[in-house]
Amino acid sequence: MQAIEITQPGGPEVLQPCERPIPELKPGEILIKVRAAGVNRPDVFQRLGQYPVPPGASDLPGLEVAGEIVDGDLGDSGFEKGDLVCALVQGGGYAEYCAAPLAQCLPVPKGLSLLEAASLPETFFTVWSNVFQRAGLKEGETLLVQGGSSGIGVTAIQVAKALGHRVFATAGTPEKCRACEELGAERAINYKEEDFVAVVKELTGGKGVDVVLDMVGGDYVAREVSCLADDGRIVIIALLGGGKANVDLGQVLRRRLTITGSTLRPRPIAFKAQIARELRERVWPLLAAGTIRPVIYKTFPLSAAAEAHALMESSTHVGKIMLDLETA
């Protein structure tokens, strides 16, 4: 099969076409003929040599795919060979065929194309597991999304808004802020021109937000502590601003705050299977109804994966960057 491999740690140019054997299936896996794959920030970190491949996973980049089931033991899953699915995988998405744990597969939501379906798993699994499971966003609570125009950001805004929450977001340009508000953010804050702490406090009558979804880390964490409501939670999913923070622990103690975080890729299949079940029950109907929609910024053929990574690193996009394997 044709695939894209990382020849050595480095810039986008180290992504090169190659030929690889079709993956051999492990127990509990199915084989998907890939029609589309998502490009995500962890792919960039892996290419740079900063995101180790979990033991036993494919060294090929790519954490989400959509396509046709062509092989595997489907058991009593309700899926059949020939069905169209999207899946979260540990790697191997930048290829014509990809092995995926059956438990991490979901049907293509009604009305969505395979390209749109492939844009869902990585961000939807990440947002659900962190905002709703780990941070426990509850009815009546508010959410601040840092990086609201990213793939994670546009997902978090839409899901939280659709489930009845007030949502605020940060972004770096007026255009990105408008996009966040069009997707459901009550207010998007241009972090280059405004202090998000002051704006959040004003919008919440001085209370602060209940949950912050943070992909920045660094000196943002101390500021996020200041804009949390009592009993508030910060959940960190990336460290684009650095891995060290100077935090007022007195506030953490007095106001019962929680600072937590996670990475999804190394978690066991059983953990991801539970997320898949909850997404299918709570979120997939919202996608089918059009209440939530995929946001795709630009699509590239598989052979242009390096261009897709260059765009990702430019941070000029709003939403997802995709690889279409049906485009030459």
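## Terms and model

Helices (H or I, at least four residues) and strands (E, at least two) are DSSP runs, numbered from the N terminus. This is a predicted model, in which local features need pLDDT of at least 70 and side-chain atom pairs count only at pLDDT 80 or more, while totals for chains, interfaces and linings use all residues. Residues are numbered from 1 along each chain as its sequence is written, and side-chain values use heavy atoms, with hydrogens and water left out.

## The largest pocket

A pocket is an open set of points on a 1 Å grid over the protein atoms alone, with protein on both sides within 12 Å along at least five of seven lines. A cavity is a set of points where a 1.4 Å probe fits but cannot get out. Lining residues have an atom within 4 Å of a point. Grid points are joined across faces, edges and corners, and a volume is the space filled by probe spheres set on the points.

The largest pocket has a volume of about 1000 Å³. Its lining counts 47 residues. Nearest the centre lie Arg41, Ser150, Met215, Ala238 and Leu240. Several elements supply at least two lining residues each: helix H1 (41–47), helix H3 (121–134), helix H4 (151–162), strand S9 (166–171) and strand S15 (320–324). H3 gives the largest share, four residues. By class, the lining has 21 nonpolar, 19 polar and seven charged residues. Here Ala, Val, Leu, Ile, Met, Phe, Trp, Tyr, Cys and Pro count as nonpolar, Asp, Glu, Lys and Arg as charged, and the others, Gly among them, as polar.

## The second largest pocket

The second largest pocket holds about 490 Å³ of space. It is lined by 27 residues. Lys26, Gly56, Ala57, Ser58 and Ala99 lie nearest its centre. Strand S6 (97–101) and helix H9 (269–282) each supply at least two residues of this lining. The largest share, four residues, comes from S6. The lining of the second largest pocket divides into 14 nonpolar, six polar and seven charged residues.

## The cavity

The count comes to one cavity of 30 Å³ or more. The largest cavity contains about 70 Å³ of space. Its lining has 13 residues, of which Phe124, Thr155, Arg293, Pro294 and Val295 lie nearest the centre. H3 and H4 each supply at least two of the lining residues. H4 provides the largest share, four residues. Six residues of the lining of the largest cavity are nonpolar, five polar and two charged.

## H3 against H9

H3 lines the largest pocket, and H9 lines the second largest pocket. The axes of H3 and H9 come within 10 Å and cross at roughly 90°. Axes are lines fitted to C-alpha atoms, for helices over the stretch in contact, and angles run from 0 to 180 degrees between N-to-C directions. H3 and H9 are therefore roughly perpendicular to each other (65 to 115 degrees).

Contact means heavy atoms within 4.5 Å. From H3, the residues are Phe124, Phe125, Trp128, Ser129 and Gln133. They meet Phe271, Lys272, Gln274, Ile275, Ala276, Glu278, Leu279 and Arg282 in H9. The residues of this contact divide into seven nonpolar, three polar and three charged.

## Antiparallel strands

Two strands pair if DSSP finds at least two bridges between them. Strand S3 (residues 29–39) and strand S4 (residues 64–72) run antiparallel, joined by seven bridges. Ile32 stands opposite Ile69 in S4. S4 also runs antiparallel to strand S5 (residues 84–88), through five bridges. Glu64 has Leu88 in S5 as its bridge partner.

## The parallel sheet

Six strands form an open sheet with parallel pairing, in the order S10-S9-S8-S11-S12-S13. Strand S10 (187–190) and strand S13 (258–261) are the edge strands, and each pairs on one side only. Neighbouring strands of this sheet are turned by 20° against each other on average, direction ignored.

Within the sheet, five bridges link strand S11 (residues 209–214) to strand S12 (residues 228–236), and these two run parallel. Val209 stands opposite Leu228 in S12. Helix H5 (residues 174–182) lies across S9 and S10, and runs at about 165° to S10.

Note on methods
Parallel < 35°, antiparallel > 145°, perpendicular 65-115°, else oblique.
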